[in-house]
Amino acid sequence: MEKLLKEITPKSQDYSQWYTDVIKKADMVDYAPVKGFMVMKPYSYRMWEFIQAALDQKFRETGHQNAYFPLLIPEHLLIKEAEHVEGFSAEVAWVTMGGNEVLAERLAVRPTSETVVGAMYSQWIQSYRDLPVLINQWANVLRWEKSTRPFLRTTEFLWQEGHTVHRTAAEAEAETRQQLGIYHEMMENLLAIPVVAGAKSAGERFAGAIETYTLEALMGDGKALQSATSHFLGQNFARAFDIQYLDEDGTLKFGWTTSWGSSTRLIGALIMVHGDDKGLRLPPRVAPIQIVIVPIGRGKDREQVTRYAKLLSEQLSATFRVKLDDRDEFTPGYKFNDWEMRGVPLRIEIGPRDLAQQQVIVARRDTGEKIAVSEASLPDTLANLLDLVQDTLLQQARQYQQENTFAVENYQEMAHHNFKGFFMGDWCGQETCADQLKQETSVTIRCLPFDTELAGTGCIVCGRPGQHRALFARAY
Ligand SMILES: [Zn+2]
């Protein structure tokens with residue numbers, strides 16, 4: 001008996017339910033025994049591995065090395081940087097027992113690692129010759145969240161966190177920008193997700209940072225997702241953790257530090273930016289399976305077609321990530337739906353007639369277009385089509401972002417768009433205006449985009465002269 005592939009809720013009907021349906025039916029996650037935690041199944045974990053590989057290569061090319069710091073942080077270290085501890089205190093989980101004994105000092109499960117890294121760096125750094133220190137860690141962190149959604153906000157998540165120390169403010173600032181640039185390139189080239197880059201306003205900065213730079217992406221429901229951040233920490237953490245070096249001139253100076261991170265949340269962005277009512281649509285560069293081959297035919301034909309499909313699958317596997325779906329228990333129609341749900345960029349259909357004509361049918365997941373391709377030109381055509389799908393998804397996402405970015409002169413105008421989309425407006429720089437906006441509309445300042453100018457129309461909340469052009473949106 002063929003299992004029924006239940007339909008997913010249409011995006012337009014209930015976006016949140018659509019998201020939940022997709023991640024479950026595409027076999028990406030399962031809910032864990034502890035509330036707020038998730039199991040990343042192989043299909044989504046593979047996507048994370050592609051993100052890791054792309055970033056790791058860039059980190060290495062820019063002189064960074066990987067290391068690993070402990071999961072547990074003693075309380076006295078976590079509370080050393082005042083703003084930092086205030087920012088995280090509500091989210092920290094504590095270990096208070098070791099075996100049967102109550103611990104003399106409680107240990108925090110890291111919500112992020114600036115404090116433990118800072119404590120180690122203060123021991124490792126003595127001279128200006130020890131600088132810069134450029135280290136990245138791939139790890140899990142834990143933040144006790146009240147409401148969670150798979151990938152977007154989970155109590156435990158996987159990420160990378162870079163921690164660097166520099167001799168000058170200018171060097172640290174340049175590092176902060178460079179790392180944001182690496183994320184930016186990865187988002188667009190690998191995930192086909194366009195972003196707006198900018199600085200966070202003071203109220204939205206990372207706890208303890210002088211500057212936080214961010215990439216903001218627009219999701220399919222008109223909400224923003226903060227996708228990666230890079231922090232210029234000034235000397236705040238260096239002072240708190242006593243990271244000092246003897247400079248060339250013989251004086252003792254505090255180092256300048258940065259930290260930067262991106263997480264499995266990016267997989268949530270991938271789903272929400274590209275998915276449609278049939279399920280996922282994966283950019284080929286991050287797709288665990290790029291091409292699925294479905295043999296079609298009955299009886300004697302079937303045997304012959306399947307034999308050919310197997311051969312083709314073996315040949316193409318040298319170049320592409322290929323899956324042969326020769327399951328007997330499902331009809332081709334069921335298989336088409338199944339692989340469309342999982343977002344596989346290209347599908348090859350082979351029937352007896354195609355076999356006779358030495359051709360196959362290739363269907364694109366992004367556009368639904370089907371074309372006949374001769375056997376001889378198949379490898380080249382597939383390579384071109386994968387590039388085309390990758391580009392098309394980025395172009396579509398870019399167009400969606402453009403069509404849903406609105407310039408506003410006052411915040412009431414956002415209501416005309418049901419508060420969905422990116423809103424560009426002038427802001428006076430007062431946190432009171434940002435707070436009022438948030439309370440009344442749930443809209444927040446996502447960032448102060450780089451390279452933008454004031455429109456001169458006054459703060460969208462209070463009407464006083466603007467200090468910054470800002471990107472406003474409701475956010476995940
Ligand atoms: Zn204002």
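Mentor: Let's start with a right-handed β-α-β unit: in this predicted model, strand E15, helix H9 (residues 299-316) and strand E16 make one.

Trainee: Happy to begin there. How do E15 and E16 pair, and over how many bridges?

Mentor: E15 and E16 (residues 322-324) pair in the parallel sense, over three bridges. To see one of them, look at isoleucine 291, whose bridge partner in E16 is valine 322.

Trainee: Which residue stands opposite isoleucine 291 in E17?

Mentor: That is leucine 346. E15 and E17 (residues 346-350) run parallel and are joined by five bridges.

Trainee: What is the strand order of the sheet?

Mentor: Reading across, the order is E16-E15-E17-E18-E19, an open sheet of five strands with mixed pairing. Its edge strands, E16 and E19 (370-374), each pair on one side only. From one strand to the next, the twist averages 25°.

Trainee: Now the helices. Which strands does H9 lie across?

Mentor: H9 lies across E15, E16 and E17, and it runs at about 165° to E15. Then look at helix H12 (residues 378-403), which lies across E15, E17, E18 (359-364) and E19 and runs at about 5° to E18. The angles compare N-to-C directions on a scale from 0 to 180 degrees.

Trainee: Why is E15 described as largely enclosed by the rest of the structure?

Mentor: Count burial along the strand: five of the five residues of E15 (residues 291-295) are buried, so E15 is largely enclosed by the rest of the structure. Then check the two faces. Ile291, Ile293 and Pro295 are buried on one side, and Val292 and Val294 are buried on the other, so both faces are covered.

Trainee: How should I read burial in a helix?

Mentor: Start from the geometry: an α-helix has 3.6 residues a turn, so residues three or four places apart point the same way. Now take helix H1 (residues 15-25), where Trp18, Tyr19, Val22 and Ile23 are buried. They cover an arc of only 125° around the axis, which puts them on the same side of H1.

Trainee: What do the buried residues of H1 pack against?

Mentor: They pack against strand E1 (29-31) and helix H8 (265-274). While you are in this part of the chain, look just after H1, where aspartate 27 takes a positive phi of about 60°.

Trainee: Let me try a single residue. Why does valine 117 count as buried?

Mentor: Valine 117 has 27 C-beta neighbours inside 10 Å, and the cut-off for a buried residue is 20 or more. The residue sits in helix H5 (residues 114-124). Leaving aside residues up to four places away in sequence, valine 117 touches Phe69 and His163.

Trainee: How far is valine 117 from asparagine 410?

Mentor: The two are 293 residues apart in sequence and 44 Å apart in space, C-alpha to C-alpha.

Trainee: To finish, into which domains is the chain divided?

Mentor: The assignment gives domain 1 (15-274), domain 2 (289-385) and domain 3 (405-473). Between domain 2 and domain 3, the C-alpha centres lie 49 Å apart.

Terms used: Residues numbered from 1 in each chain as written. Predicted model: local features only at pLDDT ≥ 70, side-chain atom pairs only at ≥ 80, totals over all residues. Helix = DSSP H or I, 4+ residues; strand = E, 2+ residues; numbered from the N terminus. Buried ≥ 20, exposed ≤ 12 C-beta atoms within 10 Å, placed from the backbone. Contact = placed C-beta atoms within 7 Å. Pairing = 2+ DSSP bridges. Right-handed = clockwise from strand over helix to strand, strands pointing away. Arc of directions from axis to C-beta. Domains from an automatic or database assignment.
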